[in-house]
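Please find below a colleague's note on the structure under review.

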Amino acid sequence: MPKVDINGIDLFYDIKGKGEPLLLIAGFLCDHAYWSLIMPSLISHYQVIRIDNRGMGRSSAPKNLYSIKEMADDVAALLDRIGIKKVHLAGHSMGGQIAQELALAYPQKIQSLMLLSSLAKGDELFNSIIETWGDLLSNVDLKLYEKIVLPWIFTDAFYSIPGMIEGLIEFAIKYPFPPATHSVYHHSRAMLDFDTTDRLQQIHCPTLVMLGKQDILTPLKFSQQLAQGIPNAELVVIDRGGHGFLIESSDAVASAMLNFLRKLKPAYTNFGF
């Protein structure tokens, strides 16, 4: 699993599968492993590239402030370094913000765009939550942090599955690449500073906007704003799941992504010669 030295950091990436390149960008508090449950479906059809954003997982965690644009520049530099000219692009939550910035700054690199549980700009409630999460890890241990955050991510139905939440918390505690406290703070501030509301109409690639019906962190109004602002964007609402629907409803999410990508392939026509 390689790293590359770009923009003054070591950026971790992982490539699996064959076919057209599909790049996945995880969100706040998450690294490339967050996509694990949908990977088997995706690598059957695509060459899937996952990264750890600066400050997460196995990538460097510099002390200075981060920005969404800076993290988009990291991804663009990675594509140049590994020789991939154009990708299908998917981002979840903060990863969707990075994906928007990539599509705006490097449109020649983006074949299609999928924005999962994401937003163009936070409202006062969202910003208050993210600001608090950015500050919180310096004041509580990781177990309590997870217990505070997870109710915003998963639904009551998911909580009712015996041992499920306890298992996720245990996984987070034992994970060998936990987020650094300063990185969580920097990512939170990057999200608070992000705003594409006046630039969405400049995104011209085929775009899918998707969320879980019970998402209380980035509710429907955020996805509607994206879908209405991006020309000809498609909006899909997954019936079961909240903000963490990549875990809670992984099969439905993978199916929606593949259906969207399948529609982009030109139909083969046999003219008899």
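Predicted model: local features only at pLDDT ≥ 70, side-chain atom pairs only at ≥ 80, totals over all residues.

1. Eight strands form an open sheet with mixed pairing, in the order β1-β2-β4-β3-β5-β6-β7-β8. Its edges are β1 (3-6) and β8 (234-238), each of which pairs on one side only. From one strand to the next, the twist averages 25 degrees.

2. Strand β1 pairs with β2 (residues 9-16) in the antiparallel sense, over 4 bridges. Within this pairing, D5 stands opposite D10 in β2.

3. Helices on the sheet. Helix α3 (residues 94-105) lies across β3 (21-25), β5 (87-92) and β6 (110-116), and runs at about 145 degrees to β5. Helix α11 (residues 250-264) also packs on the sheet, where it touches β3, β5, β6, β7 (207-212) and β8. The direction of α11 makes about 155 degrees with that of β6.

4. The largest pocket. This pocket holds about 740 Å³ of space. Its lining comprises 33 residues, of which L29, C30, Y34, E146 and I247 are the closest to the centre. The elements that contribute two or more residues to the lining are α4 (124-136), α5 (142-149) and α7 (164-174). By class, the lining has 25 nonpolar, 6 polar and 2 charged residues.

5. Residue L29. One of the residues closest to the pocket centre, L29 is found in the loop between β3 and α1 (39-42). Its phi is near 70 degrees, a positive value in a residue other than glycine.

6. Residue N232. The loop between α9 (220-229) and β8 contains N232. This residue has a positive phi of about 65 degrees although it is not a glycine. N232 is classed as exposed because its relative accessible area is 79%, against a cut-off of over 50%.

7. Residue D198. The loop between α8 (181-192) and β7 contains D198. With a relative accessible area of 63%, D198 is exposed. The C-alpha atoms of D198 and G229 are separated by 8.5 Å, while the two residues are 31 residues apart along the chain.

Technical notes
Residues numbered from 1 in each chain as written. Heavy atoms only, no water. 1 Å grid on protein atoms, 1.4 Å probe; cavity = no way out; pocket = protein on both sides within 12 Å on 5 of 7 lines; lining within 4 Å. Points joined across faces, edges and corners; volume = space filled by probe spheres on them. Nonpolar A, V, L, I, M, F, W, Y, C, P; charged D, E, K, R; others polar. Pairing = 2+ DSSP bridges. Axes fitted to C-alpha atoms, helices over the stretch in contact; angles between N-to-C directions. Contact = heavy atoms within 4.5 Å. Buried < 20%, exposed > 50% of the residue type's maximum accessible area, 1.4 Å probe, protein only.
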